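Subject: Structure handover

Hello,

I am passing on the structure we spoke about, followed by notes on how its chains sit relative to one another. Please read the notes with the structure open.

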Protein chains: 6
Amino acid sequence: MRENAVQKIWQEGGAVVNGWLAIPNSFAAEVMGGCGWDSVTIDLQHGLSDFSDTVQMLQALSTTPVTPLTRVPTLEPGIIGRLLDAGSYGIICPMVNTPEQCAQLVSYCKYAPEGVRSFGPIRAAIYGGPDYLDKANETILAIAMVETAEAVANVDAIVATPGLDGIYVGPSDLALSLGERPQMDTDNPVVTEAMATILAAAKRAGVPAGLHCLSPEYSLQKIREGFQFVSIANDTRILTAAAQEQIATVRQGLAD
Amino acid sequence: MRENAVQKIWQEGGAVVNGWLAIPNSFAAEVMGGCGWDSVTIDLQHGLSDFSDTVQMLQALSTTPVTPLTRVPTLEPGIIGRLLDAGSYGIICPMVNTPEQCAQLVSYCKYAPEGVRSFGPIRAAIYGGPDYLDKANETILAIAMVETAEAVANVDAIVATPGLDGIYVGPSDLALSLGERPQMDTDNPVVTEAMATILAAAKRAGVPAGLHCLSPEYSLQKIREGFQFVSIANDTRILTAAAQEQIATVRQGLAD
Amino acid sequence: MRENAVQKIWQEGGAVVNGWLAIPNSFAAEVMGGCGWDSVTIDLQHGLSDFSDTVQMLQALSTTPVTPLTRVPTLEPGIIGRLLDAGSYGIICPMVNTPEQCAQLVSYCKYAPEGVRSFGPIRAAIYGGPDYLDKANETILAIAMVETAEAVANVDAIVATPGLDGIYVGPSDLALSLGERPQMDTDNPVVTEAMATILAAAKRAGVPAGLHCLSPEYSLQKIREGFQFVSIANDTRILTAAAQEQIATVRQGLAD
Amino acid sequence: MRENAVQKIWQEGGAVVNGWLAIPNSFAAEVMGGCGWDSVTIDLQHGLSDFSDTVQMLQALSTTPVTPLTRVPTLEPGIIGRLLDAGSYGIICPMVNTPEQCAQLVSYCKYAPEGVRSFGPIRAAIYGGPDYLDKANETILAIAMVETAEAVANVDAIVATPGLDGIYVGPSDLALSLGERPQMDTDNPVVTEAMATILAAAKRAGVPAGLHCLSPEYSLQKIREGFQFVSIANDTRILTAAAQEQIATVRQGLAD
Amino acid sequence: MRENAVQKIWQEGGAVVNGWLAIPNSFAAEVMGGCGWDSVTIDLQHGLSDFSDTVQMLQALSTTPVTPLTRVPTLEPGIIGRLLDAGSYGIICPMVNTPEQCAQLVSYCKYAPEGVRSFGPIRAAIYGGPDYLDKANETILAIAMVETAEAVANVDAIVATPGLDGIYVGPSDLALSLGERPQMDTDNPVVTEAMATILAAAKRAGVPAGLHCLSPEYSLQKIREGFQFVSIANDTRILTAAAQEQIATVRQGLAD
Amino acid sequence: MRENAVQKIWQEGGAVVNGWLAIPNSFAAEVMGGCGWDSVTIDLQHGLSDFSDTVQMLQALSTTPVTPLTRVPTLEPGIIGRLLDAGSYGIICPMVNTPEQCAQLVSYCKYAPEGVRSFGPIRAAIYGGPDYLDKANETILAIAMVETAEAVANVDAIVATPGLDGIYVGPSDLALSLGERPQMDTDNPVVTEAMATILAAAKRAGVPAGLHCLSPEYSLQKIREGFQFVSIANDTRILTAAAQEQIATVRQGLAD
């Protein structure tokens, strides 16, 4: 089965640099897939891709070296199974607040006996290879988002879930849930303390933890603190910031 | 009729900062439309948008302040008419090498008696307004690409075409046609001399000239030399460069 | 944040005239958006739009003055969050039969502490404005459909739900649930009595009530009875009826 | 081969009532296809459908009794052949100004020896039937738009073109070309006189003539004058007018 | 209401030969629809079609004689209702493991009083006919997949569910659930014994049973054993096997 | 630059086994791309793919080992340039009847000085590699269809065109043009004699010749006669024939 780069980096103790796709288009995906990320996540929750776009984006990403991940809108087995069948190599699931929910997530991502995933890897076996059935359970990643006060309270039980491959922190929802204002790359002590709690629990359990970041600098800092998976903004934020800066350079030059 | 920002800037003697869209997607267009460009050009020649994508992108751009332009694949009246009917406020046409071709371009963009455009502004009148019929000929821009050795030889006759609103230089095709290697933001003297020849002819004729650039710095320099319309790279180049730089920042930080 | 016209009309005690979109196409949406409705609802339950169509339709509606609403297929947080992130200004949710379900609906539409909506308004902040986070909870509408016998029995508890912005009656499902035959613009006394019960409860609670109608005459009558939101048929019914009438005019004229 | 209703009505000396599709969507097409039109024309010139939309719309129309026609953007053999291969039962071609152009149109619509159409009726044979090769030339309609001053001057030669099945008048382009203001359902004497000239020439040649109309009343009048094919507005105009009228009914009622 | 061929064959005691669609495209659907199957199932679980594709595929299938069925990703009322409204004539639902789940499935497929399906058959009434409301409950099929050890244990209770129209066995998931290796056209005794148990229960209850097969030979054998609905592979498997065989014929011939 | 398998096989004197894509869908393309063909041709003439579909299909084919070719609707530079920019590795152009047309075809496929292709390989450089500019002219194939009586008369001049990479015979159009009935895998002596004339001219000029076939047996025979490129039917024909055979097996078995 084709290797999962995220898994390999984690096995070697390293940190994954992940791109984030909000634009629902296969060419934008192919372009991002060629930028040098270790993995790229197609976001079906807050991004604008729906399942059909995602199939085409997964095809486009298959022409590049990145490992394709997908974030689902909610903990629902239908969309998880369909994305895996389409060739996603990992599911990031929002709002996993209890160990029971985490166990459900794992079960939706794995074939029996580890889980209840239905068999029919129509495109996944094309992408993954002929031994997909034998290796899928160990290769496909189930990643739970720990991003609420309730989840923080349950974090030790969550990370102890058998079969869980990683956790991912959404700082905006975490802040909202803690009564704080959402802010990317936050230094709000209430939020950063919760992050530290989550990270410590993950470390104790030997489960890699990831974080959604905005800047490369903050990403770097968080890797140094122990996070092993960082996403830098997303395609539209990167594009917007760079375009605005270039326009400003011209306008400022003309004004001078 | 809704104002054409490109035309207004030109009437005031200013320079247009234009964005370039290669990604065939309406959300990417909406994002680019909000970045601060004066105009944005959907590219149906070397970009990946086809007509249906372009309709949706024009709708998305209509939610933003930018003036929407479109580049057609060739000098062909069908696609020109359809894009104008869909709400494009200007046509950039490649490979206009003779004054006869330039006259054709103008005729395809204007209603009788100035041209032969067929009447049926199905979305254009929604976007432009109820006086579209009366004001379209003076508001919609016909922009000829002068980008071959033959066109340079004919440039004075081309820019003298009645009804022509502007010209646009494609440096890569110009270089190829002159036997030079295509290079964005070129300082190849053969190419830059041809550009200067084109610009001088345009200035003599009172026709604004534009240039496809890569960097904001080169764009600024060319505006100072007299170009009144610059495109900075395109959406995928801006995205790629920015993403690569951010990834490099993280990887370099980790390596240190 | 951009104003919600539905909310404003309700605050002024008026009645909203709402268009209904079943055709999954952005141009049809743009055309309907320009007809003069106060709001337009994209129907993902009985209409044929899916999420991707809806994103493009929301973009198209953003070029018009109407306030865009969406009806979801079921009470499910994933699609509610995604539609709000795409720029919908209100959720109409079918089959809200209990106060518990109504509280869930509200919670899916509001950020903490009022609800559990996940943060990431990717297009909504473009459409709504930079103060989206601060104003979304008070601007975005949660509208529960009261359309079953069970819901009628629970109507006082349903309309008492904190954060509920309005209710909407689907007369066909209401009739079916009451053992009557579905009929638009019905005068079936069993159904109209249930409607009156619902309206009275809503009035007592100060919650605006809406109704799906077929004809403008019935819509007008129901507004006079106290409904503050009426939908007149939908795009395909209006188109079909008008086209059939025009064809009949020609055929009848030829037959005479 | 499946019958062409337009042809049959013409053979019986009758008049065709044709619907016009500007919305690029297969469900809108299916709805229009069920309204009672004899034929429906998908417009690829001033409508927003591109080839891919049209394929799906032709599939949708195949579920209804109407005969599907298509209007092409220009006299270009590629799009004509592709639409016929997709199952269109007739081509309406704009701006046929000379008998030479008319002969080209016919040749693009017919297999050798009558024309040069390339063989490969991939969906057309599914729709038309197994004898498509034998009967296509006699069943598929080539309809030339006579809509310019030049075409009026050439009208006798145009209608004499062997293999031509019908002509169609676009009143807006005709008016523009004659130096008059485009107006649907016009009574401008310059334009109506030109229409009469065209109709008379067609009658002499035994070629049915059609006209693009707005109202059923005007359509009826023109059939009485001898036109044998009328299009009533289009889907978006019919929808817009009907929706506006219904909204006005409610608002006027509320104002009273 | 248009007849349901599956139902009719079952009423006559016959067996349905069903095609299976994994390619999300309306032309592929139209081609498959013309091959001679009794019914064709669009697969939204392991196939790649999403709702929008399915609408277009259902339109395409409506041009052919086959009865269109759909398989949903999970037991969820939203997608079931939408597919029925789009014109599906039967729902195949995976992982129905308990009689309670089976009753839910039936209720999502039927209008009150038999179920809770919401009324709005926007395309279904076009396809089915004007008496859709009266005949839908008896014409639309609810088919439960019995494909886990738990379901086998509950099979008598499942098949006793009032309103259930048929059951369908997925041999891969059944094998996985029984601790065996998934294999199409299996002769694994553990799996075939479970199949026999299911079939016997269905026979006792008078509920037709179906099976997903790979080869026509195995399909034939299973019909002879009593199954009354067989699916032969799917579009991509049939295409792949046939293409590979043809390529091999050429390559082998060249090698000889 | 990524190797062109067709070119390599030709350089080694071998014959290419080519698949043909009529279904406009990226998953069908990916499936066909994995079947073992040397190359696959997306057909924009008689197939149903338009440009946008083709971009996604080219992405899908890039995940497989096949070399992607495209057939254009007509000899038109716009679509040729766009397909090459999207990553097509060769253009098959219908109805090349004269050496002048053949020279145009070559010029549209090559950069100056060999041709007039415009520079902007937006996806082609991603697929082909960073040396695309230097190697495209020698790697991308220009293939002319010789398929009319006129072309047969001109065949020696056509195959002598500098830069021409191959020719391709469409037997149906050839038959029609010769006054014969189109028939795949024909043994009509008029048509086979014309094929032999074409093949002989190609051999003399050292230009590989291809043929559109139906069966593998006929393909093999034609390779033995000297053709170096055969297409076996297309995706829909292969699928249809195989599905019909499997259905017949079951129905025949049941009838026995």
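No contact joins chain B and chain E, and the closest C-alpha atoms of these two chains lie 17 Å apart. Chain A and chain D do not touch either; there the nearest C-alpha atoms are 17 Å apart. Please keep in mind throughout that this is a predicted model.

Chains A and B

The contact between them takes 34 residues from chain A and 35 residues from chain B. Which elements of chain A give two or more residues to the side that touches chain B? They are the strand β1 (16–21) and the helices α2 (26–33), α12 (216–225) and α13 (235–255). The most comes from α13(A), which gives 15 residues. By residue type, this side of chain A divides into 22 nonpolar, ten polar and two charged residues. Of the interface residues of chain A, 100% are also interface residues in chain B, so the copies meet through the same surface.

Chains E and F

For this pair, chain E can be laid on chain F by a turn of 180° and a shift of 0.0 Å along the axis, with an RMSD of 0.0 Å. The C-alpha of chain E nearest the axis belongs to E:Leu239, 2.4 Å from it.

Helix α13 (residues 235–255) of chain E packs against helix α13 (residues 235–255) of chain F at an angle of about 105°, and their axes are 9 Å apart. Because angles of 65 to 115 degrees count as roughly perpendicular, α13(E) and α13(F) are roughly perpendicular to each other. On the side of α13(E), the contact is made by E:Asp235, E:Ile238, E:Leu239, E:Ala242, E:Ala243 and E:Gln246. On the side of α13(F), F:Asp235, F:Ile238, F:Leu239, F:Ala242, F:Ala243 and F:Gln246 make it. The residues of this helix contact divide into eight nonpolar, two polar and two charged.

Regards

Terms used
Residues are numbered from 1 along each chain as its sequence is written. Chains are lettered from A and ligands numbered from 1 in the order in which they are written. This is a predicted model: local features need pLDDT of at least 70, side-chain atom pairs count only at pLDDT 80 or more; totals for chains, interfaces and linings use all residues. Two residues are in contact if their C-beta atoms, placed from the backbone, lie within 7 Å. Helices (H or I, at least four residues) and strands (E, at least two) are DSSP runs, numbered from the N terminus. Ala, Val, Leu, Ile, Met, Phe, Trp, Tyr, Cys and Pro count as nonpolar, Asp, Glu, Lys and Arg as charged, and the others, Gly among them, as polar. Copies are superposed by least squares on the C-alpha atoms of residues with pLDDT of at least 70 in both. Axes are lines fitted to C-alpha atoms, for helices over the stretch in contact, and angles run from 0 to 180 degrees between N-to-C directions. Angles under 35 degrees count as roughly parallel, over 145 as roughly antiparallel, 65 to 115 as roughly perpendicular and the rest as oblique.
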